[in-house]
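User: I am new to this structure and would like to learn how to read its features one at a time. Could you take me through it slowly?

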Amino acid sequence: MSAILSPRPDSITAVPGGVPFVAPINSSDDAFNQARADSLISPKFYTTDFEAMDRIDVSSVQAEWDQLISEFRSDANKDHFERDDAFGAEVMALPEGLRDEFFDFLISSATSEYSGCVLYADIRAKVKNPEMRELMGYMARDESRHSGFINRALKDFNVGLDLPALRRTKAYTFFKPKFIFYATYLSEKIGYARYITIHRTLEQHPERRFHPIFRWFEQWCLDEFRHGEAFAVLMKADPKLQSGVNKLWIRFFLLAVFATMYVRDHTRPYMFGALGMKPDEFGFQVFRITTAISRQIFPISLDIEHPAFRAGLESMRTSFEGVQAAQARGGLLGKLQALGGNLKIAATFVRLFLRPVHRHALPDDVRVVPAW
Ligand SMILES: [Fe+2]
Ligand SMILES: [Fe+2]
């Protein structure tokens, strides 16, 4: 354990300009400010066109829909999110670098989980369509459990989040329903891929499990998988969402979600070091799983194995780190350097967006089983 929790894992090669990747969190106020912050890589809260959501008709996918709703109704994870005695004293003894990054990870995970809870609960409250109301109620139930469970882990360290206050004060991004579908489908499936990849690694190396929360990931990821299935079925109900110009939107969201995750995970070298993983290897494993799953409903996928794709992500990561260092330096020069870095990130994004993609026919059966 001590070797794994060494203050400077081998995977850390450089921290640019001596700027820490993540800000230290010393109080609930720090945690709250971090959860509320709006940066390129921070989790966002969403709102949508509730009248359009109300008009969604699932009759063309009724069989898949009924099966899915019966899975939600049976609530397999009803008793899963109960804590055991492992929480408590054991979780306090983390070295500084790891502790800061682990807090950052927990805060951003709790914020994403809660973002889902808020969106699904808002849709449920504002639509009359009984099918949508039932589905959104189940998903809000799950995300409320997930965010609450992470928040209790933060409270053990006295850095818990005031989630209702976050709901009242965080900025909301408006997305039309189709963009909610693309973004949320991907964030659910990538959430599954992240949790299962961490779980599989720790299954092989239980000595690296530096916090009890990781023991919950195997069952947990099945909730996220099912939420993703719900959006796949909803998208299948409207075939326009998989054709024409929308294929470009799918490409955009795939790239945005992958790039954000890649950059964000590289801000946590101590945490990935403690788990014995390299952020780029972890990222590509998660991209492979997400890409394989997304063929259920997306007629295109990114060529993630091409060296130019990896090089583009690396370029965005180094530019992002340069922006962070420039912002920390401040002054006019710092501002100009940050602007230059952001322009470079945007240009790289466009270049990756224009790369050739894989095209495939959609399967007749939209449903996929969580087999990773
Ligand atoms: Fe969740
Ligand atoms: Fe979810």
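User: In which hand of crossing, left-handed or right-handed, does α7 pass α11?

Analyst: A crossing is left-handed if the near helix is turned anticlockwise from the far one by less than a right angle, and right-handed if clockwise; here α7 passes α11 in a right-handed crossing. The contact draws on Lys189, Ile190, Ala193, Arg194 and Thr197 of α7, and on α11 residues including Phe282, Gln285 and Val286, where contact means that C-beta atoms, placed from the backbone, lie within 7 Å. This is a predicted model in which local features need pLDDT of at least 70 and side-chain atom pairs count only at pLDDT 80 or more, while totals for chains, interfaces and linings use all residues. Residues are numbered from 1 along each chain as its sequence is written, and chains are lettered from A and ligands numbered from 1 in the order in which they are written.

User: At what angle do α7 and α11 pack?

Analyst: Axes are lines fitted to C-alpha atoms, for helices over the stretch in contact, and angles run from 0 to 180 degrees between N-to-C directions. Helix α7 (residues 177–204) and helix α11 (residues 279–294) pack at about 130°, with axes 9 Å apart. Angles under 35 degrees count as roughly parallel, over 145 as roughly antiparallel, 65 to 115 as roughly perpendicular and the rest as oblique, and α7 and α11 are therefore oblique to each other.

User: How are α9 and α11 oriented to each other?

Analyst: Their axes cross at roughly 155° and come within 9 Å, so α9 and α11 are roughly antiparallel. The crossing in which α9 passes α11 is right-handed, and its contact is made by Phe258, Met261, Tyr262 and Asp265 of α9 with Pro279, Phe282, Gly283 and Phe287 of α11.

User: Which domains does the assignment give?

Analyst: Domain bounds come from an automatic or database domain assignment, which for this chain gives domain 1 (25–300) and domain 2 (303–359). Their C-alpha centres lie 24 Å apart, and the contact takes 13 residues from domain 1 and 11 residues from domain 2. On the side of domain 1 that touches domain 2, α9 and α11 are the elements that give two or more residues, and α9 gives the most, with 6 residues.

User: How many helices and strands are there in the protein chain?

Analyst: Helices (H or I, at least four residues) and strands (E, at least two) are DSSP runs, numbered from the N terminus, and the protein chain has 13 helices and 4 strands. Along the principal axes, its C-alpha atoms fill a box of roughly 55 × 50 × 40 Å.

Methods:
Contact = placed C-beta atoms within 7 Å.
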